[in-house]
Amino acid sequence: MVELYQGGYSLVRESGVGQAIVHQGNILRAMNVETSDKYQNREGIVHINTIFPDSVVEALRAKRRGQRVVWFVHSTEEDFRNSFPCSNLLAPLFRRWITFCYQLGDVIITPTEYSKKLLRSYGIKKTIYTLSNGVDTDYFIPDRSARINFRESLLLDDSAKIVISAGLPIERKGILDFIETAKKMPDVLFLWYGSIPRFLIRKKVLRAIKTAPDNCCFMRYVPQDEIRTGYQAADAFLFLSHEETEGIVVLEALACQTPVILRDIPVYEGWLQNGESAYKIKSDDEVVACIRKVLDSPSDCAGNVKRRGREVAESRNYKLLGKRLLQIYELEGMCADR
């Protein structure tokens, strides 16, 4: 039995952390492991993904019950910065808090070698494993018909060029750069998927959204089937985030064989190669040229990249990750009943 602790889920449901919780349930069920979202009065494993005070309470309770705690790390000081009002001011305190939280785990799991390195720099001595958040490659698939249907729903011609992005509308996710790129490419439609309460958005981001050009639209949070259609129909997925621990939306876009354009940041080192499975830009000056390259020659330029991107996503599918997670349980002497 694995308890997927749901405390604070309603607050993170629309974020990558919320998706990671859903993914863990899917991964475990793919391996025929029984899961629950509440304590079942028996020994077992508890997964904790959030860093709210109730998560600390649950970790302490689980230890008293004799359960082993696996803390999945999605948040770091680095990705807390440039996110919400006062986040930079509070970042040092945030680091101390999350370090305290993660140390309560018997085992720590984080998506990438990059995020593992950050945790070690915080002085965390616990065992840390890397395990991707994963992607459902049976659900996120390419679909050529989506292009026509999507454009018809927006009353656009089939030749219309569409670039999308997805994430919380915060500076760290690159929304300011996304808007500026849209200004430079008035012939292309830019769509941003994702939203948070207005009071959590920094004033400079609110101003940028308010003054965004007509070709830059904000779709707010949409169900998975709609964002999947967006991936399938788009000519490119532009993700200019300045800091990530992995990037679930990147995996989803890769799985749909959408050409992915990324900022060249450390988290992608070792698993996404520039010009092979994705396109990486080193500065904002390169963004427009890279998008034009993809849009102007979709078959010649992006054909192999899309196929290799799909292969990267398939290497992080639920069944493969499930096997790895069970191996981690075994290495740590944990038992997950099937």
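Biologist: In what order do the six strands of the open sheet that holds β4 follow one another, and what is the sense of their pairing?

Modeller: The order is β2-β1-β3-β4-β5-β6, and the pairing is parallel. At the edges stand β2 (35–36) and β6 (128–130), each of which pairs on one side only. This is a predicted model, in which local features need pLDDT of at least 70 and side-chain atom pairs count only at pLDDT 80 or more, while totals for chains, interfaces and linings use all residues. Residues are numbered from 1 along each chain as its sequence is written, and side-chain values use heavy atoms, with hydrogens and water left out.

Biologist: Which strands does helix α14 lie across, and what is its angle to β6?

Modeller: Helix α14 (residues 318–331) lies across β1, β3, β4, β5 and β6, at about 165 degrees to β6. Contact here means heavy atoms within 4.5 Å, and the angle, on a scale from 0 to 180 degrees, is taken between the N-to-C directions of lines fitted to C-alpha atoms, for helices over the stretch in contact. Helix α2 (residues 16–30) lies across β1, β2, β3 and β4, running at about 160 degrees to β1.

Biologist: What makes β9 and β12 edge strands of the other sheet?

Modeller: That open sheet has six strands with parallel pairing in the order β9-β8-β7-β10-β11-β12. Because β9 (216–220) and β12 (279–281) each have a single partner strand, one side of each is left without a neighbour in the sheet. From one strand to the next, the twist averages 25 degrees.

Biologist: How do you know that β10 pairs with β7 and with β11?

Modeller: The parallel pairing of β7 and β10 rests on two bridges, while three bridges join β10 (residues 236–239) to β11 (residues 260–263), also in parallel. Phe237 is the bridge partner of Ile164 and stands opposite Val260 in β11, whereas Phe239 has Leu262 as its partner in β11. Ala236 and Leu238 point one way from β10, Phe237 and Phe239 point the other way, and all are buried.

Biologist: Why is Arg151 called buried?

Modeller: Buried means under 20% relative accessible area, exposed over 50%, and partly exposed in between (1.4 Å probe, protein chains only). At 1%, Arg151 falls under that limit, so it counts as buried. Arg151 belongs to helix α7 (residues 145–153) and touches, among others, Asp157, Asp158, Ile162 and Asp235.

Biologist: What makes helix α11 mostly covered?

Modeller: Eight of the eight residues of α11 (residues 248–255) are buried, including Glu252. Just after α11, Gln257 takes a positive phi of about 60 degrees.

Biologist: Is Leu90 buried, partly exposed or exposed, and why?

Modeller: Leu90, in helix α5 (residues 87–103), has 40% relative accessibility and therefore counts as partly exposed.

Notes: Helix = DSSP H or I, 4+ residues; strand = E, 2+ residues; numbered from the N terminus. Pairing = 2+ DSSP bridges. Lists of a residue's contacts leave out its neighbours within four places in sequence.
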